[in-house]
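User: I would like to learn how to read salt bridges and cavities in a model. Please take me through them one at a time.

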Amino acid sequence: MNFERPPAPYRLVVLDFDGTLADSFPWFCSVINGVADRYGFRRIDEEEVEALRALGAREIVKRLRVPLWKLPAISRHMHDLASRDIGAMRLFPGVPEMMIALARRGTGLAVLSSNTEANVRSVLGPDLAGLVGTYACGASLFGKARRLSALIRRCGAAPAEVLSIGDEIRDAEAARAAGCAFGAVAWGYTRVDALARLGPDHLFAVPAEIAGLFADLAVPA
């Protein structure tokens, strides 16, 4: 495949997975109360879901009274559940076309996720998974900032050349800590109004707008 020279200013796009590429929120809602019972934190009532979607991960953990020392075990259990149910997870409409369009323009693609690389690759499928040059998976709930900085160094990019795209407040915080631009998506776990209040560099209503951003960026002569 003949790739064009990447547009300025971003030569690397770092994509979150759950809620950004994959429509996993319905699955999350279907399993979270069972996880709560197993690990001794508060169940989520259906009527409070929308309120929780406006909060960051730390505040959600506090409100649900999740014991912090149990977070690694909870994460491993969630990964196991996701592996069990992986066949039911689908990419958001427009995500495959977006990834292909970016790759064809020569833009580097990376995935930064708290999920496992095996789960991410399974949902992407071999063709899309092959477009991703770097995977940084298995990040802890509050460890994305460190992993993002390490990923950027690993890819040999300067932070100013990187656009990190995600659907949660912690994704925005990680991008800010790493010194790169942040693109918020309107279709994920966190409500779009809560993300907009953070002042992201870009706010995408649909996946096609991500590819459209790069199509609109002029390549300097």
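User: Is Arg42 buried, partly exposed or exposed?

Analyst: Start with the model itself. It is predicted, so local features need pLDDT of at least 70, side-chain atom pairs count only at pLDDT 80 or more, and totals for chains, interfaces and linings use all residues. Residues are numbered from 1 along each chain as its sequence is written, and side-chain values use heavy atoms, with hydrogens and water left out. Now the scale: buried means under 20% relative accessible area, exposed over 50%, and partly exposed in between (1.4 Å probe, protein chains only). Arg42 has 24% relative accessibility and counts as partly exposed.

User: Which residue forms a salt bridge with Arg42?

Analyst: The general idea comes first. Side chains of opposite charge can pair when their charged atoms come close. The cut-off here is a side-chain nitrogen of Lys or Arg within 4 Å of a carboxyl oxygen of Asp or Glu. Arg42 pairs with Glu48, with 2.9 Å between the closest N and O atoms. Glu48 is buried, at 16% relative accessible area.

User: How many salt bridges does the structure hold?

Analyst: There are 12. One of them joins Arg53 to Glu50, at 3.0 Å from N to O. Arg53 is buried at 17%, and Glu50 is partly exposed at 42%.

User: What about Arg84 and Asp85: what is their N to O distance?

Analyst: That salt bridge spans 2.8 Å. Arg84 is exposed, with 57% relative accessible area, whereas Asp85 is buried, with 19%. Salt bridges can also share partners: Asp16, Lys144 and Asp171 are joined into one network that way.

User: Now cavities. How many of 30 Å³ or more are there?

Analyst: On a 1 Å grid over the protein atoms alone, a cavity is a set of points where a 1.4 Å probe fits but cannot get out. Points are joined across faces, edges and corners, and the volume is the space filled by probe spheres set on them. The structure holds 1 cavity of 30 Å³ or more. The largest cavity has a volume of about 60 Å³.

User: Which residues line the largest cavity?

Analyst: Lining residues have an atom within 4 Å of a point. Among them are Asp16, Lys144 and Asp171, along with Val14, Leu112 and Gly166. The lining divides into 7 nonpolar, 2 polar and 3 charged residues.

Terms used:
1 Å grid on protein atoms, 1.4 Å probe; cavity = no way out; pocket = protein on both sides within 12 Å on 5 of 7 lines; lining within 4 Å. Nonpolar A, V, L, I, M, F, W, Y, C, P; charged D, E, K, R; others polar.
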